[in-house]
Amino acid sequence: MRKIIILLMLTILSAVATNGYSQQNVNPSQVRISELSDSQVRQIYNEIMGRGLSEQQAVSLAMARGFSRQQIDALQRRFEELGLGQQSVADTTRASSGSVLYDQELSYKSEIEPSEEERRLFGFNFFNSERLTFEPGVNLPATDSYIIGPGDEISIDIWGASEQSYQLMVDNSGNINIPNAGAVAVSGLTLKQARKKIFDKLVLIYRELAGDQPRTFANIYLGQIKPIKVHVIGDVFAPGSYTLPGTATAFNALYLAGGPDMNGSFRSIKVIRDGRVIKVLDVYNYLINGNTENNITLRDDDVIMVPSYLNRVRIGGEFKRTGIFEAKEGETVGDMIGYAGGFTDRAYNERVEIFRNESRRILFKSVTKEAFAQEQVENGDSISAGELTERVENRVIIEGAVMRPGNYELEEGLMLSDLLRKADGLREDAFMQRGQILRLDEKLQLQNIPFNVEALISGRFDVELNREDIVTIYSIDSLRQQRTLEIRGEVAFPGNYDYRDGMTLSDLVALSGGFLESASSSYIEVARRLSYEEASNYQMRTGHLFQFSISRDLELNEQDEQFELQPYDKVYVRRAPGFVQTGTVRINGEVIYAGEFNISNRQERVSSVIKRAGGLTPDAFPEGAMLTRKVDIDPKVKRLREQLMEQDTTLQFNDLGFEVVAVDLKQALANPGSRDDIFLKDGDELRIPRELQTVRIAGEVLNPNSTPFIQGEGLRYYVNQSGGFSDDAKKGKAYVVYPNGKAAATTKFLFFKNYPEVLPGSEIVVPAKKQREPLPATAWISIGSSVASLALTVVTIVNVVN
């Protein structure tokens, strides 16, 4: 822990005197910290470490003597540059004489492993929380009430007309010895009392300390405080003796011991000094009221005794704090509720339940709110608070076609008409012929009370409301099917639209965003379902169809103006028969003008596009041309494929988004319009490579590779160039994949295999034989048994014949 204490006047003067300043005429503001040598800075630091002042005390003392904040900061930087200020707490407790004041290390908090039941103890976290600790602090300043004893060090700084510093140890007789003043008995005095007694002694040798306008000043403080050893016994998690700073309190010692355990008391902890109880601590008084009066400062050899609890009560249910609580003799249910923080906002606080352990039996006791302060709790009681029910005592509900539907307070004699006025009346779309009240009768059965809304408004009907009545006023639209229109086809926003009285075709087309460029305004179809009267009798007709034409500027004509749409009509705007979305194809490779080309007509072929591209280059290899075409897989087809792959894991489908179209470009260019000169589609891509010079061999060969093409050589030659067939090769199924995507398989006539022709850029694929599972031993035994049975049968027949 870093502890840098700044500037004591006497030390500075002794240090700067060696730097050429006169001690009698030195001006603190003229002291230059940068001119001090490293050895002088170390001497200052060592002197400061032995003074025992807090940093704030040292800074205040230095500034009172005329040193500036800049000088103080400069000295602190010199300390840091020399690596000073890193000493441990044990190092900083050394007195200037070099003796160690703390002859033993302070105690640490004991490690405990509580059970879940122990964690429920109210007050457990107080002594075992990671956020709230009572770990004793080594550097805490002593308060005025601190009792001085042997081993404490008292520091005295004199400045002004006279200057001097003392570090005086309280001896075993309880005295300090002030040079030229004599002994002063301070043991057993508070720090405040000792200051006054020492000051009165100093006045005898420093006369300027007295008077209304003193010229000399004194600062009396504790430089070092001796550690103390206390003993924590009884029902705690870690009883034992603990070494603490002299400023430690009872809670510090209990914290180190883990606090009371499952059997320990939080309410009657005793502090014993010199054989008698000087304080009884009630931890609840601090936890509940924040009262720290009981947390007294300890002395050396104090004993903290934690007795066993007297009464313990379990609290659960709708309380703000739940767990295991301790009760003093005579405390009531009300006291326990207070310790639990009171009821939650969801609690039923008119009554609590108590399960009481009476040695051989458990009794249930119901305690009402009026008896909370009188009912005393007993050891082993369990107190529980229930939750409020969802039942609402004074509510009625109105919903539907009113201006303000919702919940309303049920007042004495509230009538239905009064509720309607509270809801600001009916909406314009209210259905006037019928409303209803949903009510629970005396037998808790649902009861429906219908009424005429028009009669209610006119005053001819009214009824008094009951608790939880639900009043419903219907709207006209809620009592009939939602009326919509549907438009599909070549409009900007096809879909469903609300029906409007008097709507025409032009209105609906305008509502859907107007025609697309692809729309045919001369062919619009309207499908209308049968009317109620027509559908009342069975017939073959299922609806009506109408055809219309509308100008693209949606002007009304006589036919359109007279035809009104009906609810649930479906309107279809067809695509113009001559409209075709323009498309492009891409040609890459060995053509004069490679790139994208627009499809100018429905019969655009490969040869015509190659002609528009300037024809093939001299290096082109038309036999290796490959045509790829975009494939848009229908979602239904995709889902069907997924289902098939789930049923058969060996199935695989190509979902690359394109397919290869095997095209013979040489034949297409030689015979335009022939079978090989196929029509092109939007998104097609034709790649024409340079002449290829290799053949690739893959599959079940000994050394798959690529080898130069040799005119006239067959498939067996190239297989031999790859080391020949492997043992698993299925020779009769070898096939050749050509550069344009076509493939040719091996054929067989009698005992002769006819291998396909190999062209430059081809790939020879030799598939593997299907692996067969060997027959198990049981199968061979079965076969043997069958053969033996058959042989026996044959022998028997032969014998019979003979």
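Is Thr707 buried or exposed? Select Thr707 and have a look: the residue is buried, with a relative accessible area of 9%. Here buried means under 20% relative accessible area, exposed means over 50%, and partly exposed is in between (1.4 Å probe, protein chains only).

Before going on, some housekeeping. You're looking at a predicted model, where local features need pLDDT of at least 70, side-chain atom pairs count only at pLDDT 80 or more, and totals for chains, interfaces and linings use all residues. Residues are numbered from 1 along each chain as its sequence is written, and side-chain values use heavy atoms, with hydrogens and water left out.

**Around Thr707**

Stay on Thr707, which sits in strand 32 (residues 705-708). Strands (E, at least two residues) and helices (H or I, at least four) are DSSP runs, numbered from the N terminus. Now show what Thr707 touches: Gln693, Thr694, Val695, Ile697, Tyr718 and Gln721, not counting residues up to four places away in sequence. Contact means heavy atoms within 4.5 Å.

**A buried aspartate**

Next, select Asp684, in the loop between helix 19 (665-670) and strand 30 (685-688). Asp684 counts as buried, at 2% relative accessibility.

**The nonpolar cores**

Which residues touch the most other members of the largest nonpolar core? Pick Phe319, Met336, Val352 and Ile383, out of 47 residues in that core. Helix 9 (residues 250-256) supplies the largest share, six residues. A nonpolar core is a set of buried Ala, Val, Leu, Ile, Met, Phe, Trp, Tyr and Cys residues joined through side-chain atoms within 4.5 Å. Zoom in on Met336: beyond four places in sequence, its contacts include Val313, Ile315, Phe325, Val377 and Ile383. Apart from this core lies another, of 23 residues, among them Tyr146, Tyr166, Leu202 and Tyr206.

**Leucines at the surface**

Now select Leu438, Leu440, Leu444 and Leu446, which make a nonpolar surface patch of about 410 Å². Leu440 belongs to strand 18 (residues 430-440) and is partly exposed, with a relative accessible area of 45%. Patches are made of residues with over 30% relative accessible area and no salt bridge; like charges are joined within 9 Å, nonpolar side chains (Val, Leu, Ile, Met, Phe, Trp, Tyr) within 5 Å.

**Two positive phi values**

Most residues other than glycine have a negative phi. Go to Asp301, where phi is near 75°. Asp301 is in the loop between helix 10 (283-289) and strand 10 (303-306), and is exposed at 51% relative accessible area. Then jump to Glu468, with a positive phi of about 65°. Glu468 is in the loop between helix 13 (453-458) and strand 20 (470-475), and is partly exposed at 24%.

**Last stop: Ser187**

Finish at Ser187, in the loop between strand 4 (182-185) and helix 8 (191-202). How far apart are Ser187 and Gly151 in space? Draw the C-alpha to C-alpha distance and you get 9.8 Å, for residues 36 apart in sequence. Ser187 is partly exposed, at 36% relative accessibility, and is in contact with Ile148, Gly149, Pro150 and Gly174, leaving aside neighbours within four places in sequence.

Methods
Accessible areas come from the Shrake-Rupley method with a 1.4 Å probe; for residues, only the protein chains shown count as cover. A salt bridge is a side-chain nitrogen of Lys or Arg within 4 Å of a carboxyl oxygen of Asp or Glu.
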